Every structure is written in structure tokens, then in C-alpha cells.
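I opened my notebook for a slow walk through one model.

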Amino acid sequence: MYKKCLITAFEELKADYFVLMIEDSALAQVSEPGQFFNLSCSDGDIPRLKKPISIYDVDGSEIAFMIKKVGKGTEYLSKLKVGDSIDVLGPLGNPFPLVSGKSVLMVSGGVGYPPLVYLKKKLEDCEVISIHGGRSYDDIFLCDYPFTEDGSYGRKGLVTAHLEKIIKKHKIEVIYTCGPDSMMKAIGRKALELNIDCYLSLEEYMACGIGACYGCAVKVKADNEQGYIYKRVCKDGPVFEVKELWMEDK
Ligand SMILES: Cc1cc2nc3c(=O)[nH]c(=O)nc-3n(C[C@H](O)[C@H](O)[C@H](O)COP(=O)(O)OP(=O)(O)OC[C@H]3O[C@@H](n4cnc5c(N)ncnc54)[C@H](O)[C@@H]3O)c2cc1C
Ligand code: FES
């Protein structure tokens, strides 16, 4: 659904991260964890593709996005102010399936963090353990096991380093993950090896964001000669179960 929404809150977090909140009760009611919005990053003077941003939280009629400034589009968003309006398209994509009464592990890297925050809020009767990793302290937000590549906070290294140990320690039954492709593939392989349900939210580059261009296509297992078909992350995902994904590179 295309809408023009009012920005009701803007909060700078550390380094290049910020939170933007919009208000629309109809959109808030149908916004589920794992879905995303395409946010307009142009005031009309400079044409620019809308940027996909996950839902970070829903509070009443407000929807929050946690965003990292990385290029021109997100820089535009970082300059918006309370009282400005923004064109949005969404909620888009399929949400995470929700489980209850399970021991759950959430693993995020970089801007894979926001959708898991909203997911955690929606899980009922679950013990949730979270691992989050980033390049340095600036990329780290609240979690049980922080990892940084440069060792400036938490454990030094990748989030996958102690994965099996953490899974076994907390008797994990379900994994949700969002972050860089290589990180999610490593987590997906470990989940398959240990026979644990695992849902990945893919952050593929997007062009149209509405299923029209196949610019975000990924391989999904299929019962045909080549063993796979292409599905669109924006329309058929972004959430996929690890068992359905075709993972060829080691
Ligand atoms: C489904 C989905 C949900 C997302 N949710 C969030 C979110 O909640 N918060 C958030 O901050 N970002 C999120 N992103 C990433 C965000 O869309 C990009 O950072 C944004 O489009 C960059 O736009 P830009 O114009 O600022 O930078 P660009 O000029 O487009 O890119 C700047 C740099 O970032 C890299 N980059 C851009 N997009 C991606 C990508 N998808 N994957 C890897 N590298 C990329 C480019 O290679 C370039 O180096 C999400 C992406 C997807 C597909
Ligand atoms: S971005 Fe065009 S089909 Fe997904």
C-alpha cells in the first residue's frame, strides 16, 4: 500500500544509526516481524529508488525503523525531521513464522538486527537468546552475546565462532537470523547439520522491491532437472526456511 505518512519521532543512536518513526494505524495493524517497507529517499528533485527497510517495532499506530546511514538514500532519511512526511510502500514480503514455548536463538549481523527486535517482542513463552555481531563497538546493540570483528567490544571474531557451543548450552530448538549472506549461510548449514528449524531473512539488493524485475532472485530447491528455481526475495521472501534454500557455495 502506497501512503504518505507523518514522521512522529526521530532518534539518533550511536555512530551512523538512527530510528525513524511514522504514524499510520492501518499500516501498523498489518505490520508483522520480518516484513519491510520501501521508503522513499527523494523529495522529488533527485529521482532515487525507494530503499527497503525492515520493521523494527510497532507501538500502537506507530511503526519504527532502525537505519544505518551507508549511502545517498539512507543519508536522505537521516536528515528527515519530526513533522516531515515520507512516501512509503508496505508492509511488503512474508513475515517470520512465529513459534511459542520454544528455546529460540536469534543471530544478527549489522543491519540484520532491527527485524529480530520486533520478532522477539511477538514471540510468546519462548526463551530467547541473542547473538549480534558487527565490525566494531559502533555496530553493537543490546544482545546476550556481542561479537566484533576488531575486538573493540564483546568477543573478537564472527558471530558464527561459538555457534554450536551456544546452541548446545541453551538447548536451542529454533533459529532466526538476518544479516550478511555469508553469515546466514554458515548458520543455515549448522542448523541443517544439527537438525534445528531455521528461518533466514535475506537482505538481497533490490530494485523494484515489488516482484516485477527479478533483480533480487535467489535459488530455491525444486523438483526439476536442475534442482532449483528462482524466487524473489522481495515478493516470496525475505524470510525463507533453510531447508528450502539452494546453497551451493561452501
Ligand atoms: C529486506 C531488507 C531489509 C533491510 N532492512 C534494513 C534495516 O532495517 N535497516 C537498515 O539500515 N538497512 C536495511 N536494509 C539495507 C538497506 O536497504 C540498504 O542499506 C540501503 O538500501 C542502502 O541505500 P543507500 O542509498 O543509502 O546506499 P547505496 O548507495 O545503495 O549503498 C551504499 C553501500 O551499501 C551497500 N549496500 C546497499 N544495499 C545493500 C544490501 N541490501 N546488502 C548489502 N550491501 C548493501 C552498497 O554496496 C554500498 O556499498 C535492508 C535491506 C533489505 C533488502
Ligand atoms: S527487487 Fe524487483 S523483483 Fe525483487
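Here are my entries, starting with the ground rules.

**Ground rules.** I am looking at a predicted model, where local features need pLDDT of at least 70 and side-chain atom pairs count only at pLDDT 80 or more, while totals for chains, interfaces and linings use all residues. Residues are numbered from 1 along each chain as its sequence is written, and chains are lettered from A and ligands numbered from 1 in the order in which they are written.

**Domains.** I looked up the domain assignment and found domain 1 (2-92) and domain 2 (103-244); such bounds come from an automatic or database assignment. Their C-alpha centres lie 22 Å apart. I then checked the contacts (C-beta atoms, placed from the backbone, within 7 Å): 17 residues of domain 1 touch 15 residues of domain 2. On the domain 1 side, strands S3 (36-39), S4 (51-54), S5 (57-59) and S6 (62-68) each give two or more residues. Strands (E, at least two residues) and helices (H or I, at least four) are DSSP runs, numbered from the N terminus.

**The antiparallel sheet.** Which order do the strands of the antiparallel open sheet take? I read S4-S3-S7-S1-S2-S6-S5, 7 strands in total; two strands pair if DSSP finds at least two bridges between them. S4 and S5 stand at the edges with a single partner strand each, so one side of each has no neighbour in the sheet. The twist averages 40° from one strand to the next. Inside the sheet, S1 (2-12) and S2 (17-23) pair over 6 bridges, and Ile-7 has Ile-22 in S2 as its bridge partner. Helix H3 (113-122) packs on this sheet, touching S4, S5 and S6, and its direction makes about 45° with that of S5. Axes here are lines fitted to C-alpha atoms, for helices over the stretch in contact, and angles run from 0 to 180 degrees between N-to-C directions.

**The mixed sheet.** I found another open sheet of 7 strands, ordered S11-S10-S9-S8-S12-S13-S16, with mixed pairing. S12 (174-178) and S13 (197-201) run parallel over 5 bridges, and Tyr-176 stands opposite Tyr-199 in S13. Helix H5 (181-194) packs on the sheet, at about 165° to the direction of S13.

**The ligand.** How many residues surround ligand 1? I noted 21, with Ser-54, Gly-71, Gly-73, Thr-74 and Val-111 the closest; a residue is near if its C-beta atom, placed from the backbone, lies within 6 Å. S4, S6 and helix H2 (72-78) each give two or more residues to the shell. Both domain 1 and domain 2 supply at least three residues.

How values were computed. Two residues are in contact if their C-beta atoms, placed from the backbone, lie within 7 Å.
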